[in-house]
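Dear colleague,

Please find the structure below, handed over for your use.

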2 protein chains.
Amino acid sequence: MRLDKCVTVDNVNQNLLRVRYAVRGPILERAEQIERELEKGVAKPFECVVRANIGDCHALGQKPITFIRQVVALAACPQLLASPDFPEDAKRRARDLLDDCIESSVGAYSPSAGLALVRADAAAYMRARDGAPASPEDVYLGSGASDLIKAVLTMFVENVSGKPPAVMIPIPQYPLFSGTLAELGLVQVDYYLDEERGWALDVGELERSLRGASAGCHVRALVIINPGNPTGQVLTRQNMEEIVKFAYEHGLFLLADEVYQENIISKPFHSFKKVMHEMGPPYSQMELASFMTLSKGWAAECGLRAGLVELVRLQAGVAAAFRSARAVMQCPTVLGQCALHCVVRPPRAGEPSHEQFARERRGVHRALTERAAAAHSTFNSIPGYSCNSIDGSMFAFPRIELPESAQRAARDCGLLPDEFYCLRLLEETGVCVIPGSGFGQRPGTWHFRTTILHTRDQFQHMMDSIRRFHLQFLQQYP
Amino acid sequence: MRLDKCVTVDNVNQNLLRVRYAVRGPILERAEQIERELEKGVAKPFECVVRANIGDCHALGQKPITFIRQVVALAACPQLLASPDFPEDAKRRARDLLDDCIESSVGAYSPSAGLALVRADAAAYMRARDGAPASPEDVYLGSGASDLIKAVLTMFVENVSGKPPAVMIPIPQYPLFSGTLAELGLVQVDYYLDEERGWALDVGELERSLRGASAGCHVRALVIINPGNPTGQVLTRQNMEEIVKFAYEHGLFLLADEVYQENIISKPFHSFKKVMHEMGPPYSQMELASFMTLSKGWAAECGLRAGLVELVRLQAGVAAAFRSARAVMQCPTVLGQCALHCVVRPPRAGEPSHEQFARERRGVHRALTERAAAAHSTFNSIPGYSCNSIDGSMFAFPRIELPESAQRAARDCGLLPDEFYCLRLLEETGVCVIPGSGFGQRPGTWHFRTTILHTRDQFQHMMDSIRRFHLQFLQQYP
């Protein structure tokens, strides 16, 4: 007997039904609907939707770094190497990259782990950053860091002790983690960041979380997001040492999501690789996965899709298994790899493109720093709002006190209070931010995440809209 | 107590240890080693390695289609839109694609399923191909077809009947399937293609395979590769109708790997979408996943990484779950999407680029047709070789009779006879082909897969090398 459908919500992989990704969730769908309504001439109390849901710099008007795009265009269309319109160092770069492609074509597959030149210079970048050894053999390129984070998390899908495997993640977290754990069927074990201490990571809380989880599951790995997303804190060195010791003592594999390492605003960034190296044995012999991306930092080329992981000190058989699984997917995009090469090996002083490159990079950094300060002070000036200092990343994650009457109104609509708040904000101002519940938050607290990437005028408009909305909201729900 | 390593071959995801991907396996590793030896001046009985292991046209000297690369370069570097060196239709195309990118930047994320323009024209391509309705909503772009095949197979990972879920695949098959099933922990159920009848697909064999498997597992889906990889056959329409009826009767989800649909040599290609449509209800109401790619066909842009799946008539909740899981990975590379757009909507007669485009495309087709005929006749002229006609794809999969003495010699080395043969071929001639055991073959038969993509001289050299090697091999192992 033939069923109506072969695949139904009852017999499809049930993990897929549990995947949530708030950054592209219902709020964004409604925002897109509103955009279409505006196009059709539907009257709204605002002229356009302001997207602040996703860390997508170019979508918010940031201009690409000229050198990167020149290299990509030259690599795609080598006839342009004869054009006088491109600087010599961009041409040399494209030639070097093409020399590393089979038959000098970006249309040929690269090795699964990426072009040798890109991996070598990524290792050099890490050596310079950390003052620690780094080998190209440990660098794997992917289609964005997300692709690689999923590949690394896949290693832990194994019931080795009769208890389901689990991974510790911070709350609030970037929902790539919760979504990927759900898809892979790994248990998510939450530890809370301490909002009162600037989103610090308290090792006592790690201990509490691990202890609580250990009866029901087998925790295999610990995810740290530094700089924090959505929270924007940068870990202190001392805090990192405590975390490393914690992971060591409990035999946890450390996944360091360091994709915002080039978005540093006000506190120095230390990589886990460096801290472990400087701590010496046994910590310098621990396994580690550290992620970096083309999509963030000053390049912020989200659409080109490239990321990398440095995956160190794996057991040989484990590394071989990781490589096999990667090989089946062939290779990451070669043009993305070319762009990523420009990040790990940017133009240097004295090279023809350096001045323009340095100016463009400074511009990105200046805008980010300005917006971070403005977001911090604006949010802290709105009654009922509080916001920690934004030391890195490209987000603010303010906390909002929501009156009991508003919470009741939300429940009446079948929404969480922060969902209700963000949806009302969207409907009344066109500003699209993501409710804190999409990232996780301490029960009873409410937040939203907004990007701080808009141009100055857009940003001011957004801040004004949020303030005005909130004051009205408080009148409506006293 | 702290273990030496957190992750070991004993506690890593055991599925990863089972992943094999022969196309990038031990033979290729040895080939790369030999290349390095040659560079160092080690004497060999040949001057260079001839890679015939992977369907990578550009790596074998095929030149890219000019229009595709122009569009990609223009989209990456929009300043070039002012240059007189690009034809107007390439500029218009790049502008249309940029108009579909947020803030006109390929550096912004696209929607997870891909740019609206690319999905719309992909649907138009399918309507024109099939004379059947096609909706952009059913088209999902990915980082190559592999990425999407894995995503679709993930839907079947669920134990719904107390028996482990399973997927039927042809033998011989493309090892993406066996590798991905292994990683996902899906049971692989083999059905054999009939070598004696030109690799035809016999429905009796499908019935036999399903019956045999059903006691131990729950078969959820049926994979068909058409045109065949590694086998190069193109299914007849009548055969396809039988397959559709078989899938219908047994409630199997049909995955049609149709990535070689633009590599048609001597027999007409019909898509499963078209055949099902023309069969009418109930077959025209069945679910279907049909895959296409930028990496094959006349474009053959492997390194740019783009593919698509048309995923039709899914239950709404299932489609939503599929979309959620895709959203977590953000989006496929936008430049790859731009290139794929040129495949589903190539230059048309009367447009400035059409003549050059048509000439380049004809050149690719002519070379493939010539090589297919030459491979077929050469292989059938070597004693002990037999090779079916190559009607589509870019591979030959000749069968080789290996003398008992050679089989013993292989066993003495701990190798399968076809591995031994291919390794000897590599060591003595530099020709790198993949043993049939990497794809699967009827027990007791031996094959290898070679690409037929080389330039005429290279190809002749390869054929001569194989013939000479084989005759010597027969003298050594009579």
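In this model, 82 residues of chain A are in contact with 82 residues of chain B, where contact means that two C-beta atoms, placed from the backbone, lie within 7 Å. On the side of chain A that touches chain B, α11(A) gives the most, with eight residues. That side divides into 43 nonpolar, 25 polar and 14 charged residues; Ala, Val, Leu, Ile, Met, Phe, Trp, Tyr, Cys and Pro count as nonpolar, Asp, Glu, Lys and Arg as charged, and the others, Gly among them, as polar.

The model is predicted: local features need pLDDT of at least 70, side-chain atom pairs count only at pLDDT 80 or more, and totals for chains, interfaces and linings use all residues. Residues are numbered from 1 along each chain as its sequence is written, while chains are lettered from A and ligands numbered from 1 in the order in which they are written.

Chain A has 16 helices and 14 strands, which are DSSP runs numbered from the N terminus (helices H or I, at least four residues; strands E, at least two). Of the 478 residues in chain A, 56% are buried, that is, with 20 or more other C-beta atoms within 10 Å of their own, these atoms being placed from the backbone.

In chain B, Asp121(B) lies in helix α5 (residues 116–130). Asp121(B) is buried because 20 other C-beta atoms lie within 10 Å. Leaving aside neighbours within four places in sequence, Asp121(B) is in contact with His341(B), Val344(B) and Arg345(B).

Terms used. A residue is buried if 20 or more other C-beta atoms lie within 10 Å of its own, exposed if 12 or fewer, and partly exposed in between; C-beta atoms are placed from the backbone.
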